[in-house]
Amino acid sequence: MSKKRWIIVAVLVLAAGICAGVAISQMSGASTRKLSSYSDIPEEEEAENSEEETEESEEAEAAQASQEESETVEEVEDYESPIDFASLQEINEDVYAWIDIPGTEISYPILQHPTDEEYYLKRDIEGNYDSNGSIFSQASYNTNDMTDPVTVFYGHNMKSGAMFGDLEETYSDAEKFAEYNEIVIYLPEEELHYQVFAAVPYSNIHILDYYNMDSESQFESFIDSIWSARGFGINLDESVDVSWGDRVIVLSTCQSGGSTRYLVLAKLIDDDIDDQ
């Protein structure tokens with residue numbers, strides 16, 4: 001074979017080798033890309049699993065919240081008031097609560113006329129004339145769900161002891177003030193427990209007209225006026241902290257032998273519905 005033919009053969013062999021190498025390289029690259037694309041699949045599955053776990057967690061939290069809400073509703077439904085409000089409201093739908101001071105004779109329904117502030121000043125639960133009147137609050141100043149910062153109950157100071165007739169005699173005595181330091185307000189669906197912290201003679205102003213109890217500063221001004229009260233028959237329990245955000249009730253009656261009022265104040269300390 002001539003030298004020229006050997007050179008041609010060598011060139012052809014070399015070219016074939018290069019082509020084979022390129023083909024192998026392309027196959028390797030394609031294989032690598034394919035493996036690379038498969039390697040992405042677990043990451044996608046992990047992301048999907050993570051989303052599923054998040055959804056399951058959110059569903060579990062929602063279920064727990066729903067269960068807690070159901071338990072709260074059951075607690076409300078399970079409460080049975082010792083007061084037969086159904087019968088009382090058949091007599092008069094203005095009855096919305098009952099006040100009881102354990103150990104005393106003060107245990108009466110509380111009424112609120114929707115339009116006439118003094119309707120129960122001289123009327124009984126049936127709406128008949130009665131000089132004793134009833135224990136009542138005023139719709140222009142207080143709601144009937146006991147959620148106001150200050151709720152005032154009015155009752156006559158009767159010589160017979162009826163209504164708030166024994167209020168001043170009881171709470172102007174230091175020992176009785178300490179003994180009868182709880183007031184219970186019954187509502188159809190719950191009962192509220194209050195701790196007495198003050199019993200004081202007070203001016204004849206209309207408290208809820210003079211002070212805007214929805215104002216923090218006005219509320220605090222009223223409470224300060226109680227702590228600074230001076231005169232006969234005052235008893236204060238300064239260990240009871242009363243501040244904005246608390247709910248306070250005021251029992252208000254005429255003071256014996258004068259034109260001033262006698263007030264007994266108590267702070268909400270317990271809602272029995274939470275303990276059911």
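Trainee: Which residue in β5 does Asp100 stand opposite?
Mentor: Val184. Strand β5 covers residues 182-187, and β1 pairs with β5 in the antiparallel sense over 3 bridges. Two strands pair if DSSP finds at least two bridges between them. Strands are DSSP E runs of at least two residues, helices are H or I runs of at least four, and both are numbered from the N terminus.

Trainee: Before we go on, what are the ground rules here?
Mentor: This is a predicted model, where local features need pLDDT of at least 70, side-chain atom pairs count only at pLDDT 80 or more, and totals for chains, interfaces and linings use all residues. Residues are numbered from 1 along each chain as its sequence is written, and side-chain values use heavy atoms, with hydrogens and water left out.

Trainee: Back to β1. How many of its residues are buried?
Mentor: 6 of its 6, residues 95-100. Buried means under 20% relative accessible area, exposed over 50%, and partly exposed in between, with a 1.4 Å probe and protein chains only.

Trainee: What about β2, in which sense does β1 pair with it?
Mentor: Antiparallel, over 5 bridges, with β2 at residues 107-111. Ile99 stands opposite Tyr108 there. The hairpin has 6 residues between the strands, and Gly103 takes a positive phi near 95°.

Trainee: Why call β4 largely enclosed?
Mentor: Because 5 of its 5 residues are buried. Val150, Val152 and Tyr154 point one way, Thr151 and Phe153 the other. In a regular strand, side chains alternate between the two faces of the sheet.

Trainee: And what does Tyr154 stand opposite?
Mentor: Ser252 in β8. β4 and β8 pair in the parallel sense over 5 bridges.

Trainee: Now the pocket. What's the volume of the largest one?
Mentor: About 360 Å³. A pocket is an open set of points on a 1 Å grid over the protein atoms alone, with protein on both sides within 12 Å along at least five of seven lines; a 1.4 Å probe fits at the points, and lining residues have an atom within 4 Å of a point. Points are joined across faces, edges and corners, and the volume is the space filled by probe spheres set on them.

Trainee: Which lining residues are closest to its centre?
Mentor: Leu121, Gln138, Tyr154, Ser252 and Arg261, out of 18 in the lining. β4 (150-154), β8 (248-254) and β9 (261-271) each supply at least two lining residues.

Trainee: Last topic. Which residues have the most contacts inside the largest nonpolar core?
Mentor: Ile207, Phe222, Val250 and Leu265, in a core of 34 residues. A nonpolar core is a set of buried Ala, Val, Leu, Ile, Met, Phe, Trp, Tyr and Cys residues joined through side-chain atoms within 4.5 Å. A second, separate core of 31 residues includes Tyr96, Tyr108, Leu192 and Val196.
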